Amino acid sequence: MSSWEVAMRNIGALFGEGMEPRVPTPSEVVYSAPHRTLRRYRRSGPGTGNPILLVPPLAVTISCYDLRPGQSLVEFLLRLGREVYVIDYGEITYADRHLGFEEWVDDIVPTAIRTVSAAQRQADVDVIGWSFGGTISLLTAAADAGLPIASVTAVGTPFDQRRNGALAVAHAIARRTPSTLVTAPIRAAGGVPKHAVRLGFRAQALTRELGKPWYIARHATDTEALSRMQAVDRFMDQMPGYPGRFYRQVYQQLIARNEMWTGTVHLHPNRAIELAKVAVPVLLIGGRHDSFAAAASVASGTDVLTGTSARYTEVDGSHLGIIAGPGARTAGWAAIRDFLTGRDAQAPCGSFP
């Protein structure tokens, strides 16, 4: 087949049936409930070491950890020999407008951790969270020291908003203006609708979006490159929305008041979580080209997590790229592997069915 024929076939597929079908790593449901379905990825044999729980951020699907073959953290972790689980939040609608951080920190994530531990002979669980999934994971570890957590890895999780690129401007404005200017419309809408979330994520990658026609033209004969591009587009097109209360907490506590940096996050007047109470080993991973969680903002977490040995690693990649990009295998995933295997060398671990 000539280059011209390959290009025509690829362009036809790109704007037709798609470059490739979505083929998620096979999994089975451990339990199912609204916004808290726990899935276990299938293995051909027993796993070794501590089991792993993947905690997604809100407003994305679990495909952030399993984008496509070759761009799947799940696949990578399974090949390391681990038992891998993930929490699936499903769709977020207007009916979920009351949901806030509390549901995840006090219920959804702790329940999943305890269930995974019980299924794996009471083993401690290595928790990995991307973006706000890392925020939720750290707050969960800080809120309950009794949870069977072996470690927390937070990938692209911002702490100090003053060092967070464009969000530093939002932080400065939020400090000087009434929060109701932003939160009142969100409260009325019941949250951030999925279409607004998708548009906002594309805006974060504006250079990519504007350059897409030129990218397609340059890679018309490169089936792999176009497949990667379409996998990211599919991921963004499937994003669910944010619950109203959760978004208001993000804006007021994390952006306006910068509470991940001050070290105490106030979920409501009678509920404060001190990040210094995180007592398990922590790995923070920042991306050099991350426009949502600037590397400097992620790195500042080592100054906040004073109750543990928090390690920071900086890698190449955008916000999504550090967890699901084609270079993640030798960057973000390699850092996770080294962190987990380094911990394995320090503590005995068994084999689980």
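The report below begins with the whole protein and then visits a few places in turn.

## The protein as a whole

This is a predicted model, so please keep that in mind as you explore. The protein has 353 residues, and 55% of them are buried. Its secondary structure consists of 16 helices and 14 strands.

## A glycine in a loop

Our next stop is G156, in the loop that runs between β7 (149-155) and α5 (166-176). Is G156 buried or exposed? Its relative accessible area is 0%, so G156 is buried.

Leaving aside residues up to four places away in sequence, G156 touches S131, I285, D290, A293, V298, H319 and I322. G321 is another residue to look for here: its C-alpha is 10.0 Å from that of G156, while the two are 165 residues apart in sequence.

Now find helix α3 (residues 101-119) and helix α4 (residues 132-143). Their axes come within 9 Å of each other and cross at roughly 80°. Because of that angle, α3 is roughly perpendicular to α4.

Which residues make the contact between α3 and α4? From α3 come F101, W104, V105, V109, P110 and I113, and they meet T135, I136, L139, T140 and A143 of α4. Sorted by kind, the residues of this contact are 9 nonpolar and 2 polar, with no charged ones.

## Aromatic rings

A search of the whole structure turns up 6 aromatic pairs. One of them is formed by F76 and W333, whose rings are 5.4 Å apart, centre to centre. Their planes are at 40° to each other, and the pair counts as tilted.

F76 sits in helix α2 (residues 73-79) and W333 in helix α16 (residues 332-346), so this pair ties together parts that are 257 residues apart in sequence. Both partners are buried: F76 has a relative accessibility of 7%, and W333 has one of 0%.

There is also an aromatic cluster to look for, made up of Y89, F101, W104, F132, F246 and F292.

A59 is not a glycine, yet it has a positive phi of about 70°. It lies in the loop between β4 (52-55) and α2, the helix that holds F76. With a relative accessible area of 4%, A59 is buried.

Q122 is not a glycine either, and its phi is positive at about 65°. Where does Q122 lie? It belongs to the loop between α3 and β6 (125-130). Is Q122 buried or exposed? Q122 has a relative accessibility of 58%, so it counts as exposed, whereas A59 is buried.

Terms used. Residues are numbered from 1 along each chain as its sequence is written. This is a predicted model: local features need pLDDT of at least 70, side-chain atom pairs count only at pLDDT 80 or more; totals for chains, interfaces and linings use all residues. Side-chain values use heavy atoms; hydrogens and water are left out. Helices (H or I, at least four residues) and strands (E, at least two) are DSSP runs, numbered from the N terminus. Buried means under 20% relative accessible area, exposed over 50%, partly exposed in between (1.4 Å probe, protein chains only). Contact means heavy atoms within 4.5 Å. Axes are lines fitted to C-alpha atoms, for helices over the stretch in contact, and angles run from 0 to 180 degrees between N-to-C directions. Angles under 35 degrees count as roughly parallel, over 145 as roughly antiparallel, 65 to 115 as roughly perpendicular and the rest as oblique. Ala, Val, Leu, Ile, Met, Phe, Trp, Tyr, Cys and Pro count as nonpolar, Asp, Glu, Lys and Arg as charged, and the others, Gly among them, as polar. Rings of Phe, Tyr and Trp (its six-membered ring) pair if their centres lie within 6.5 Å; planes under 30 degrees apart count as stacked, over 60 as edge-to-face and the rest as tilted.
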